[in-house]
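Reader: I have a model to go through and I would like to start with the ligands. Can you take me through it in plain terms?

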Amino acid sequence: MQNNHPELFIISAPSGAGKSTLIRKLLSSTNNFELSVSATTRPPRDGEINGVDYQFISENEFKSLINKNAFIEYAKVHNHKYGTLKSYIDRKFIEGKSIILDIDVQGFMQIKESNISNTSIFVLPPSFKVLKQRLEDRRSDTREAIDKRMTNARKEIQCCDEYDFIIVNDEIDITMKALKEIIFEKRNDSDKNLIEKILIDMLSY
Ligand code: ADP
Ligand code: 5GP
């Protein structure tokens with residue numbers, strides 16, 4: 001599947017909801033989409049490549065980019081700074097590519113307040129318990145980090161109504177179908193009652 005003209009898509013989710021999994025699947029099954037490579041002050045994790053996963057830069061370099069107005073948005077997330085580079089977006093648009101931004105709620109709100117045209121999608125987990133289980137099963141975080149991510153999750157989901165679309169990542173194939181319908185048809189049949197129930201569940205802990 002292919003979009004006719006380049007577009008900007010923003011995907012946000014609480015950590016562990018499955019955003020990276022969904023984006024990976026989307027990129028492997030579509031043409032002409034690129035995941036934006038953000039700049040970050042976070043150190044690389046094992047296996048991450050500079051220029052591919054992120055542009056890994058120092059605090060000073062990050063400050064200098066802010067001063068040069070080089071970001072379309074930037075934010076501090078889990079103690080590190082992250083920003084979307086204007087130059088990257090401009091280059092990919094010239095190449096005719098649609099871009100996926102995997103950014104947090106703060107960054108999304110900055111883009112929403114600007115005049116940059118975009119389609120935004122918030123991914124919810126099916127429940128608090130499932131989100132916690134996914135973080136535990138992923139085995140990439142300490143107990144303390146998981147607790148912090150769960151606390152952040154409760155804050156982030158309170159902004160989900162600001163997004164154009166909300167999807168629930170329960171059964172992966174169904175979620176992928178919903179994601180593609182949004183991207184290619186700007187259509188979404190999400191169950192509003194289910195979303196309401198999930199929000200109540202997430203906030204009740
Ligand atoms: P995020 O990028 O939102 O932090 P990940 O994509 O890393 O989340 O997913 C968190 C964990 O949940 C991973 O171990 C992933 O394999 C798993 N996962 C993602 N989507 C689903 C799903 N629909 N059903 C079951 N497990 C999932
Ligand atoms: P990670 O360090 O796990 O790769 O990413 C942590 C969080 O930072 C994720 O929620 C991700 O969406 C967010 N993030 C990554 N790049 C950017 C960015 O350029 N801007 C903003 N605002 N958030 C980002």
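Author: A term comes before anything else: on a 1 Å grid over the protein atoms alone, a pocket is an open set of points where a 1.4 Å probe fits, with protein on both sides within 12 Å along at least five of seven lines. A molecule sits in a pocket if more than half of its atoms lie within 2 Å of its grid points. This is a predicted model, where local features need pLDDT of at least 70, side-chain atom pairs count only at pLDDT 80 or more, and totals for chains, interfaces and linings use all residues. Residues are numbered from 1 along each chain as its sequence is written, chains are lettered from A and ligands numbered from 1 in the order in which they are written, and side-chain values use heavy atoms, with hydrogens and water left out.

Reader: OK, where does ligand 2 sit?

Author: Ligand 2 sits in the largest pocket.

Reader: Which residues are closest to ligand 2?

Author: Ser38, Arg42, Tyr54, Tyr82 and Asp102 are the closest of the 15 that surround it. Here, near means that a heavy atom of the residue lies within 4 Å.

Reader: And what polar side-chain atom lies by an oxygen atom of ligand 2?

Author: One belongs to Asp102, 2.6 Å from a ligand 2 oxygen. The side chain of Tyr54 has an N or O atom 2.5 Å from an oxygen of ligand 2. Both are polar contacts, that is, pairs of N or O atoms within 3.5 Å.

Reader: Which strands supply residues to the shell around ligand 2?

Author: β5 (71–77) and β6 (80–85) supply at least two each. Strands are DSSP runs of E with at least two residues, numbered from the N terminus.

Reader: What order do the strands have in the sheet?

Author: The order is β4-β3-β6-β5, in an open sheet of four strands with mixed pairing. Two strands pair if DSSP finds at least two bridges between them. β4 (55–56) and β5 are at the edges with a single partner strand each, so one side of each has no neighbour in the sheet.

Reader: How do β3 and β6 pair?

Author: Strand β3, residues 39–40, and β6 are antiparallel, over two bridges. Ala39 has Gly83 of β6 as its bridge partner.

Reader: Switching to ligand 1. Which residues come nearest?

Author: Gly16, Lys19, Ser20, Thr21 and Arg138, out of 13 around ligand 1. A polar side-chain atom of Ser20 is 2.4 Å from an oxygen atom of ligand 1.

Reader: Which element gives the largest share of that shell?

Author: That is α1, with three residues.

Methods: Polar contact = N/O pair within 3.5 Å; in protein donor to acceptor, adjacent residues only side chain to side chain. 1 Å grid on protein atoms, 1.4 Å probe; cavity = no way out; pocket = protein on both sides within 12 Å on 5 of 7 lines; lining within 4 Å.
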